[in-house]
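Me: I've got a model open and would like to talk it through piece by piece. Can you take my questions as they come?

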Amino acid sequence: MNVEASFLDSLIQAVQCSRKYRDLQIPRATLEDILAYEIQHSATRKELEANFRKSLHNVIAPYLESIDYPDEAAAVLELRAQKPSTETLKAWCVSRMRLHASSRERLLFLESFYQTIFAKTGTPKTILDLACALDPLGLPWMDLPASTRFLAYDLHQPRLDFLQAFFDSFYPQARAIHQDILVESPTEAADCAFFFKEAHRLEKRRPGSNRELFAALNVRWLVVSLPSRDLSGHHSLEAYHTQLIERAIAGQSWQLTTDLAGDEILFFIQKHD
Ligand SMILES: C[S@@+](CC[C@H](N)C(=O)[O-])C[C@H]1O[C@@H](n2cnc3c(N)ncnc32)[C@H](O)[C@@H]1O
């Protein structure tokens, strides 16, 4: 369908001013990208508006937990002032990871999760954590050298401000980056990228997007995790998610191996030696 730029702009502004999204500062590039896709799949303006809101909701809303990020950023500074032991720092991180579904589900096997990954990839010098949410609070379990660079990407500015406060206090080599990893895929060279529990949703936003993202990344290892079971826990998603990854790398000369860590399937994609 054909629509004037002013109509698209009004849809973007409505989102940017809405109570649901205004504090998040979702990158404009994300909103434009979702609109560009949905224009091709909508017959009328009304349908475009509905499809745009639905797609945006699917990208952002399932992970809008009730964390007060400015408060949490202030709490980080208080914690730093206490010069916490590693055990105290871990306990604090667990209490925050509990507040977000993806990291909460990983708490029972946090230690073995990162051990399984680094046993395969070796100890990385630079890690990209793509669509990170609160996964960077797992840093105390990763047991990395202090020199390791850790670049964490997300769309949600207040969450990133909180993570940056955490990094400044405890991991000065880490950075929180406000960037849509699909529209502006990171080109930073790294030995390892994490892409946990998001590939299935990225593919829903725009079919073929994992293939696009995986090709753009300048990394040696891409470690993708996906849930091995559905939310009820009754049905295996292994075959379905394996197909998703196989489609995303079809025709490439990359090596794929898999492993299981807790209830996540780990896909190790080695792009080069
Ligand atoms: C399912 S959670 C990810 C969980 C995290 N990787 C983990 O396993 O703990 C989804 C997160 O991805 C972010 N996100 C979704 N699409 C993104 C994109 N295109 N670029 C950057 N971040 C994105 C969301 O803001 C949200 O914080």
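This is a predicted model: local features need pLDDT of at least 70, side-chain atom pairs count only at pLDDT 80 or more; totals for chains, interfaces and linings use all residues.

Me: Then what span is expected for helix 7, at 1.5 Å a residue?
Reply: Helix 7 runs over residues 110–121, which makes 12 residues. From first C-alpha to last, helix 7 reaches 17 Å. That is close to the expected value, 16 Å.

Me: Which residues of helix 7 are buried, and how wide is the arc they fall within?
Reply: A residue counts as buried if 20 or more other C-beta atoms lie within 10 Å of its own. In helix 7 that goes for Leu110, Phe113 and Ile117. Seen down the axis, these buried residues line one face of the helix, because they fall within an arc of 70°.

Me: What do the buried residues of helix 7 pack against?
Reply: One partner is a helix, namely helix 8 (139–142). The others are strands: strand 5 (219–227), strand 6 (255–261) and strand 7 (264–270).

Me: On to helix 12: which of its residues are buried, and what arc do they cover?
Reply: Helix 12 spans residues 238–249, and its buried residues are His241, Ile245, Ala248 and Ile249. They sit on the same side of helix 12, since around the axis they cover an arc of only 90°.

Me: Which exposed residues does the face of helix 12 turned away from the buried side carry?
Reply: The buried side of helix 12 packs against helix 10 (199–205), helix 11 (209–216), strand 5, strand 6 and strand 7. Turn to the face pointing away from that buried side and you find exposed residues. They are Ala239, Tyr240, Gln243 and Glu246.

Me: Do strand 5 and strand 7 pair in the parallel or the antiparallel sense?
Reply: Strand 5 and strand 7 pair over seven bridges. Val224 stands opposite Phe267 in strand 7. The sense of the pairing is antiparallel.

Me: In the hairpin of strand 6 and strand 7, which residue takes a positive phi?
Reply: Strand 6 and strand 7 run antiparallel and are joined by seven bridges, with Thr257 partnered by Phe268. The hairpin has two residues between the strands, and a phi near 55° turns up there. It belongs to Gly262.

Me: Is Lys197 buried or exposed?
Reply: Lys197 lies in the loop between strand 4 and helix 10. Most residues other than glycine have a negative phi, yet phi of Lys197 is positive, near 55°. Lys197 has 20 C-beta neighbours inside 10 Å, so it counts as buried.

Me: And Gln25, how many other C-beta atoms lie within 10 Å of it?
Reply: Gln25 is in the loop between helix 1 (5–17) and helix 2 (28–39). Though not a glycine, Gln25 has a positive phi of about 55°. Gln25 is partly exposed, because the number of other C-beta atoms within 10 Å is 15.

Me: How far apart in space are Asp71 and Phe162, C-alpha to C-alpha?
Reply: Asp71 is found in helix 4 (residues 69–81) and counts as exposed, because it has 9 C-beta neighbours inside 10 Å. In sequence, Asp71 and Phe162 are 91 residues apart. In space, C-alpha to C-alpha, the separation is 8.7 Å.

Me: Last one: which residues come nearest to the ligand?
Reply: There are 18 residues around the ligand: 10 nonpolar, three polar and five charged. Helix 6 (101–104) and strand 2 (149–154) each supply at least two residues of that shell. Those that come nearest are Ser102, Ala131, Ala133, Asp135 and Phe196.

Key. Residues are numbered from 1 along each chain as its sequence is written. A residue is near a molecule or strand if its C-beta atom, placed from the backbone, lies within 6 Å of it. Helices (H or I, at least four residues) and strands (E, at least two) are DSSP runs, numbered from the N terminus. Ala, Val, Leu, Ile, Met, Phe, Trp, Tyr, Cys and Pro count as nonpolar, Asp, Glu, Lys and Arg as charged, and the others, Gly among them, as polar. The expected span of a helix is 1.5 Å times one less than its number of residues. A residue is buried if 20 or more other C-beta atoms lie within 10 Å of its own, exposed if 12 or fewer, and partly exposed in between; C-beta atoms are placed from the backbone. The arc is that of the directions from the helix axis to the C-beta atoms. Two residues are in contact if their C-beta atoms, placed from the backbone, lie within 7 Å. Two strands pair if DSSP finds at least two bridges between them.
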